[in-house]
Each structure stands twice: as structure tokens, then as C-alpha cells.
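Hi there,

Here is the structure I promised to pass on.

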Amino acid sequence: MRAHRSLWLLMVAVALPLVALASCAPLRAVVATTEGLMGKLAPAPPERRVHPGVEGVCTATSINWIVPVIEGVVLIDAGFDESGEVLLRALRGRRVLAVLITHAHPDHRAAAHLFNAPVYLGADDVPLLEGRYRYAGVMADLGRAIGTAPQPRTVIPVKDREVFVFGGRTFTAIALPGHTPGSTGWLTDGILFGGDAVLSPTGDGIYPAPDGVTEDMRQAYQSMRKLERLPITTLLDAHFGKLDNPKRFLRAAIARADDEDTLYDHPSPRPVGCGEP
Ligand SMILES: [Zn+2]
């Protein structure tokens with residue numbers, strides 16, 4: 001039953017009629033504004049954007065995370081705004097050592113081109129980053145219409161379990177395909193940056209992003225099973241923020257995915273994003 005559509009799909013409904021009227025850049029602005037508006041109407045609570053040693057930055061409705069390390073910061077995702085205005089302000093001139101992208105959807109990577117630092121991305125999302133990937137579902141039309149943001153200078157495709165050390169801190173790539181083919185969680189010191197592959201819209205469960213914006217729900221839940229064996233104490237997702245001990249909700253998520261009647265269930269529309277720029 002696919003009745004549980006999200007506010008994101010409302011965004012799609014708003015944006016699609018504009019496809020014929022707008023070229024790529026203006027449409028991207030319309031979508032970003034619409035997302036931002038929804039975030040203001042129903043923001044996730046601000047306390048979900050706070051975690052010791054990590055800074056949450058709201059860029060339209062996606063949350064980007066800054067991890068201070070020795071001699072700089074690591075940036076997780078790079079927003080929907082290719083000017084990076086909000087992101088650059090939050091960085092306060094600190095040196096970005098690496099940009100770790102959770103997936104190549106435009107609301108997570110638009111400003112990645114601004115940085116000299118290499119951009120690390122799941123290898124199977126490189127075609128999406130370069131605009132060569134054919135979306136499934138409603139993302140097909142919207143994805144084409146939004147177009148692609150400028151390409152980052154240096155892209156490093158990553159595979160599952162690849163380990164990187166930036167500024168003395170270790171980050172492990174965890175392949176979580178389903179939302180997009182190359183969706184990747186980034187694991188560091190018990191924190192999983194889950195992107196849109198592992199989200200907690202209401203703080204009392206874990207879900208992939210909803211059907212329609214997720215390419216393959218079944219595969220997304222299959223990926224989620226990996227959490228069982230990973231040392232995760234905190235989830236920091238890309239739209240709703242923090243969830244402590246996300247693994248306590250894994251059993252319910254797997255049970256939901258095992259049943260065709262509940263596979264597409266999703267708690268949206270519920271609080272979305274940050275509610276402020
Ligand atoms: Zn996404």
C-alpha cells in the first residue's frame with residue numbers, strides 16, 4: 001500500500017507543473033524554496049540537530065554536518081544551494097579536509113564544487129552526480145528538470161567498508177544502496193551519518209526516505225540490516241537529525257519491510273528539516 005506519501009512528494013507535485021516553464025537553475029531554486037518553506041511549516045525539533053563534537057547546518061531542508069578534526073573540518077553533505085552561502089557562513093573560514101557525500105541527490109551535494117578538498121562519494125552514485133543516471137519513479141522527471149549542480153573538482157568514488165583518516169579521525173564508508181544505487185553512510189566513533197538511507201522522521205523509528213524518492217524500497221531495507229553488525233550509538237540523518245541508539249528500532253523496520261502491506265509505510269508528512277536557514 002503506497003498511500004503514505006511524504007511532504008517531499010508534495011514538493012514534487014508543486015514543482016512538476018513548472019518543468020515546462022523553467023530552465024534547470026530556476027527550477028532548482030523553486031524546489032529549494034518549496035523545501036525550505038515546508039521546513040518552516042513543520043520543522044523537526046532543534047534539539048535533534050545537536051550532538052557533542054558535531055555541528056548541524058540547515059541548508060533548505062537538508063542537514064549538513066560539520067565534524068571538527070585536527071587542522072580543519074570534515075563536511076558531511078553539501079546542501080541544495082550551489083552558492084553554499086549558509087554552509088560557508090557556518091564553516092567560518094575553517095579548512096575543509098574532505099567532503100563526504102551520502103548520495104548524489106541535488107539537495108545533498110550542490111555546494112560540493114566550492115571546495116578544494118576531495119569529494120568522496122559511493123562509486124555507484126557517480127553517474128547520478130554526473131547527470132548520466134536515469135532515475136526511477138517520480139524522480140525521473142523531477143531529477144531531469146532540476147538538472148545537476150556544478151561538478152566538484154576532485155571526486156573519489158568509494159566502496160563499502162573503505163576506511164579513511166582525516167585530521168586524525170577515522171571515517172568508514174558503509175554502502176547502503178536503495179535510496180540511490182550508491183547511497184553511503186559514514187561511520188565515525190559510533191556516529192552513523194545516514195543520509196537519506198536511514199532516517200528517523202519522528203524519533204521513534206527508522207526508515208529509508210519514502211517510496212517515490214527512494215529508488216528501491218526493498219533494497220533500502222535490505223541495506224538497513226547492515227546496522228545490526230555495526231558499532232553505532234547515534235544516527236545523524238540528513239533531514240531530521242539525531243536519534244540515539246537507532247538499532248533499537250531495527251527489528252521493527254525489518255518486520256515492516258518483510259510485509260508487502262507495510263513495506264511502503266512511512267510516517268511523513270511529519271516534521272521536515274530545520275525550519276530556519
Ligand atoms: Zn535523497
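Below is what I found in it.

First, the ground rules. This is a predicted model, in which local features need pLDDT of at least 70 and side-chain atom pairs count only at pLDDT 80 or more, while totals for chains, interfaces and linings use all residues. Residues are numbered from 1 along each chain as its sequence is written.

The protein chain holds eight helices and 13 strands (DSSP runs numbered from the N terminus: helices are H or I with at least four residues, strands E with at least two). Of its 277 residues, 52% are buried (20 or more other C-beta atoms within 10 Å of the residue's own; 12 or fewer is exposed, in between is partly exposed, with C-beta atoms placed from the backbone).

Now the sheet. Six strands make an open, mixed sheet ordered S8-S9-S10-S11-S12-S13, where pairing takes at least two DSSP bridges between two strands. S12 (residues 234-237) runs antiparallel to S13, joined by three bridges; Leu236 has Lys242 in S13 as its bridge partner.

Asp77 has a positive phi of about 70° and sits in the loop between strand S4 (72-76) and helix H3 (85-91). Arg161 also has a positive phi, near 70°, in the loop between strand S7 (155-158) and S8. Arg161, with 10 other C-beta atoms within 10 Å, is exposed.

Best wishes
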